[in-house]
Amino acid sequence: ALGGSALPGALVRLDRPAAYPADLDRLADAGVLSMPMATFLKLGLESRQSIAVTGPDRAARTAVLRALVAGLAAEERVAWIADPGGSGPPEAAATIVTVTPPSTGEALLEEPGEADGGLADVVQWLQPGVVVFERADPARDAALVRTLRHRLGGVVFGVEAERWEAPVEDSSAAAGRPVRPSAAGGVDRRLAAAADIVVELA
């Protein structure tokens, strides 16, 4: 940390996040996952299951996503939908195409069935075997995740949430708007329905 009682103004803290290896077996050695879970996730990805990696801030979600992709074979093609503030994809034998959507966008995040499919059409055009959402918004990106899962199969997404369950109902539900997570956490039911396998990290 830089600062202290002898310095005027706000305290400035510089934190370096823990560096995790981009390898599932080594993540298991580091205690992020168990070895049986690492093996199960490899098999799930190979069989094109939809995998959600969820947990609170600094729960190593992106490390798990990177490790999943790093283990793919050279003939695989991956579409990595980037979080502007995230770590990005790992070095891997597979071909990785990074797609950066608008920061809070919403022009490219169209509901399915609209005349312009937006980002879903862009990703489908790339014909990836696996689509990775570095950080899926629990409410905003539900339609996009479900559309890509329906069109392409293998979708892997990270979700920042305290727990994998429906959020507390609020007045927006009655008005027909997406239900956003409560302060205590939770995941939009539509996004939860898109996952075949859920990894909850502490």
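A salt bridge is counted when a side-chain nitrogen of Lys or Arg lies within 4 Å of a carboxyl oxygen of Asp or Glu. By this rule the chain has 6 salt bridges, and E76 forms one of them with R48, with the closest N and O atoms 2.7 Å apart. The model is predicted: local features need pLDDT of at least 70, side-chain atom pairs count only at pLDDT 80 or more, and totals for chains, interfaces and linings use all residues. Residues are numbered from 1 along each chain as its sequence is written, and side-chain values use heavy atoms, with hydrogens and water left out.

**Overall architecture**

- The chain contains 7 helices and 6 strands, taken as DSSP runs (helices: H or I, at least four residues; strands: E, at least two) and numbered from the N terminus.
- From the N terminus on, the order of elements is α-α-β-α-β-β-α-β-α-β-α-α-β.
- Of the 202 residues, 43% count as buried (buried means under 20% relative accessible area, exposed over 50%, partly exposed in between; 1.4 Å probe, protein chains only).
- Among contacts (heavy atoms within 4.5 Å) between residues at least 6 apart in sequence, 59% join residues at least 24 apart.

**Helix α4**

- In helix α4 (residues 119-126), the buried residues are L119, A120, V123 and L126.
- Seen down the axis of α4, these buried residues fall within an arc of 120°, so they line one face of the helix; the arc is that of the directions from the helix axis to the C-beta atoms.
- The buried residues of α4 pack against β2 (77-81), β3 (95-99), β4 (130-133) and α5 (142-152).
- Just after α4, Q127 adopts a positive phi of about 55°.

- E76 is buried, at 19% relative accessible area, whereas R48 is partly exposed, at 28%.
- E160 and R135 meet in a salt bridge of 2.4 Å, N to O; E160 belongs to strand β5 (residues 154-160) and R135 to the loop between β4 and α5, 25 residues apart.
- E160 is partly exposed at 30% relative accessibility, and R135 is partly exposed at 43%.
- R61, R135 and E160 are linked in a network of salt bridges.
- R149 pairs with D196 in a salt bridge, the closest N and O atoms being 2.6 Å apart.
- R149 lies in helix α5 and D196 in the loop between α7 (189-192) and β6 (197-200), 47 residues apart.
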